[in-house]
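Take a look at the structure, try each task, and then follow the solution.

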Amino acid sequence: MNNTFNINRFLLLIQKQWLSFRKEYFLIVGVVLAIVIFFYSKQVYDISKFASLPNAGDQHFNLVGTRTSLFCILGVLYVTLIASAYFRGLGKSGSAIPNLLLPASQFEKFLNALVYTVLLGFTTFLLLFYIVDYGFMSYLRGILTSQYSTWYNGEEIVTDRLAYLVPSLYNENIVYAFFAPFLLNAIFLLGSIYFAKSQYVKTIVSVSIYIAICYLIIYVVYRIFFADVIQLEDKNVKEYINPVKLLSAIGWFITVALWTITYFRLKEKEV
């Protein structure tokens, strides 16, 4: 099979892979959805119990603030599990041979992996979380007063204590963090095809060791070359380099590099 791209063949590959990947996909999505619904149900129940009391929500509005933590934690687990599960079958001879013999190019197979783990995976998680959050928060906004006013320097400040999750996540620097889920996808997608067994655990261990080694190297270099250095000029590094933009650029570079390595690893599997 040559390495060209054919749209009809690619669409047939998507349909074929869905038959083998859908059970594990629905299992992961179902578990995540159950956790989200249970969390929101518990939060809404705790808040609703005090809805009839004076200033009822004041001491319980902090409960809804944990939504952001839940979104991030579940998002990390979901993204890594979906990516780690996709190429898992290539580690078993029984399922690897049929997958490798599929009449599609390596590029089409790799692109198909991104469709399921990035396009479909990310969209499903965001849509499910948004629907659940919108439903439960709309119910709370119907039984409680969501807004309250405070005065600061003669100016009235209106705060929404029951804001929906999407607006509350907005931040001017959030765009620079968009690389994070894609980077996690690239890491665990590579781990799923690189390791033959226990891909998820081995990927976590490998990444942890790599991060520890990098941190140790940076710390040693700092201690050797910069620990006793006296700054003679009062210059702020942030005036020349934006650390947020730099981190984002490095993150996107590593993501593309890992996807490239995954593609060539897939080609090696078929040799």
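**Exercise 1.** Find the volume of the largest cavity and the residues that line it.

*Solution.* Start with the term: on a 1 Å grid over the protein atoms alone, a cavity is a set of points where a 1.4 Å probe fits but cannot get out, and lining residues have an atom within 4 Å of a point. Grid points are joined across faces, edges and corners, and the space filled by probe spheres set on them is the volume. For the largest cavity this volume is about 40 Å³. Its lining consists of Val32, Leu33, Val36, Phe125, Leu128 and Phe129. The elements giving two or more residues to this lining are α1 (7-48) and α4 (106-143); helices here are DSSP runs (H or I, at least four residues), numbered from the N terminus.

A word on the model: it is predicted, local features need pLDDT of at least 70, side-chain atom pairs count only at pLDDT 80 or more, and totals for chains, interfaces and linings use all residues. Residues are numbered from 1 along each chain as its sequence is written, and side-chain values use heavy atoms, with hydrogens and water left out.

**Exercise 2.** Describe the largest pocket: its volume and its lining.

*Solution.* A pocket is an open set of points with protein on both sides within 12 Å along at least five of seven lines. The largest pocket holds about 760 Å³ of space. It is lined by 21 residues, and nearest its centre lie Phe71, Leu126, Leu169, Phe178 and Pro181. Elements that supply two or more lining residues are α2 (67-86), α4, α5 (165-169) and α6 (179-194). Of these, α2 gives the most, with 6 residues.

**Exercise 3.** Which residues lie closest to the centre of the second largest pocket?

*Solution.* The second largest pocket has a volume of about 560 Å³. Among its 15 lining residues, Ile187, Val207, Tyr210, Ile254 and Leu258 are the closest to the centre. The largest contribution to this lining comes from α7, with 6 residues.

**Exercise 4.** Identify the salt bridges and say which helices they link.

*Solution.* A salt bridge is a side-chain nitrogen of Lys or Arg within 4 Å of a carboxyl oxygen of Asp or Glu. The count is 2. In one, Arg9 meets Glu108 (2.8 Å, N to O); Arg9 is in helix α1 and Glu108 in helix α4, 99 residues apart. In the other, Asp133 meets Arg67 (2.7 Å, N to O). Asp133 lies in helix α4 and Arg67 in helix α2, so this pair ties together parts 66 residues apart in sequence. Asp133 and Arg67 are both buried (under 20% relative accessible area, 1.4 Å probe, protein chains only).

How values were computed:
Buried < 20%, exposed > 50% of the residue type's maximum accessible area, 1.4 Å probe, protein only.
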